[in-house]
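This briefing reviews the fold, the packing and the backbone of one protein model. Please keep the sequence and the structure at hand while reading.

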Amino acid sequence: MQHKHTSTQFDVQLEQVRSKVLHMGGVVEDQLSLAVRALQNGEMFLIDQVLDVEQQVNALEMEIDELCTNIIARRTPAAIDLRVLTMVVKTITDLERVGDEAKKIALMTREFFRSGRAYMPRYPEIQRMSAIVIDMLRQALDGFARLDADVAPEIARRDLEVDDSFRAILREVLTYMMEDPRTISATLDMIFIAKALERVGDHAKNISEYVVYMIKGKDVRHLSADEIEQAVKS
């Protein structure tokens, strides 16, 4: 999306796709941040905002998908242009799923507070995990905006941090359940929230890997962070 074509209209269409993806990414990032704020601060009015955004995210996904399909059908792009459009479709799917995870967190938070289980500690590890995945998503979108593949290895390493945090939360909540069976319902809710955050990290990692494929034409899925770094540098 950084090189010129003989058709100015083609360039305009590609820039339109890029702009819409970044807009969708910003909407989803805000949606996730609102869900996390609701959980951490008990601001229940934010939950309705998260749920309202869901329809906007879904509409953007369908709009961008249709735009990409039309460009492919009418322009029959090749090489990097085809890679970009194919990866855009994958990117918006991951963004839509991040929105789904934000919605899950919001709904679980509503249940958490309505049922009177808000006395449960909002684990520091959850707060740390939330901050990491939000930043990972921001990094991945920045990499997409700048077509910067260098962010992919770092995001892959941070995804390992998120996995470690998820396991730490599991150990912590199991301790609570063993010490006080009355906390079982609340701790199960917290596990579901932590899992949703872990999935957000996975989606951010996916988006960064798509950027590598756009630029390098290399499929780095299922590779370690070191292997991704080698692919980016070579």
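Predicted model: local features only at pLDDT ≥ 70, side-chain atom pairs only at ≥ 80, totals over all residues.

Is Ala79 buried or exposed? Ala79 is exposed, as its relative accessible area is 57%.

**Overall architecture**

- The protein contains seven helices and zero strands.
- Along the sequence, the order of elements reads α-α-α-α-α-α-α.
- The protein has a radius of gyration of 19 Å, close to the 17 Å that the globule rule gives for 234 residues, so it is as compact as a globular protein of that length.
- The C-alpha trace spans about 70 × 40 × 20 Å along the principal axes of the protein.

**Burial and contacts**

- Of the 234 residues in the protein, 50% are buried.
- Among the contacts with a separation of 6 or more, 80% are accounted for by residues 24 or more positions apart.

**Packing of helices H1 and H3**

- Two packed helices are described by the angle between their axes and by the distance between those axes.
- Helix H1 covers residues 8-41 and helix H3 covers residues 79-114; the two pack at an angle of about 20°, and their axes are 9 Å apart.
- H1 is therefore roughly parallel to H3, since angles under 35 degrees count as roughly parallel.
- The crossing that H1 makes with H3 is left-handed.
- Sorted by class, the residues in the contact of H1 with H3 comprise 19 nonpolar, five polar and two charged ones.

**Positive phi at Ala79**

- Ala79 is not a glycine, yet its phi is positive, at about 50°.
- This residue, Ala79, lies in helix H3, the helix that packs with H1.
- Ala79 counts as exposed because its relative accessible area of 57% lies over the 50% cut-off.

**Positive phi at His222**

- Where is His222 placed? His222 is found in the loop between helix H6 (184-216) and helix H7 (225-233).
- His222 has a positive phi of about 70°, although it is not a glycine.
- With a relative accessible area of 78%, His222 is exposed.

Methods
Residues numbered from 1 in each chain as written. Heavy atoms only, no water. Axes fitted to C-alpha atoms, helices over the stretch in contact; angles between N-to-C directions. Helix = DSSP H or I, 4+ residues; strand = E, 2+ residues; numbered from the N terminus. Parallel < 35°, antiparallel > 145°, perpendicular 65-115°, else oblique. Left-handed = near helix turned anticlockwise from the far one by under 90°. Nonpolar A, V, L, I, M, F, W, Y, C, P; charged D, E, K, R; others polar. Rg over C-alpha atoms; globule rule 2.2 N^0.38 Å. Buried < 20%, exposed > 50% of the residue type's maximum accessible area, 1.4 Å probe, protein only. Contact = heavy atoms within 4.5 Å.
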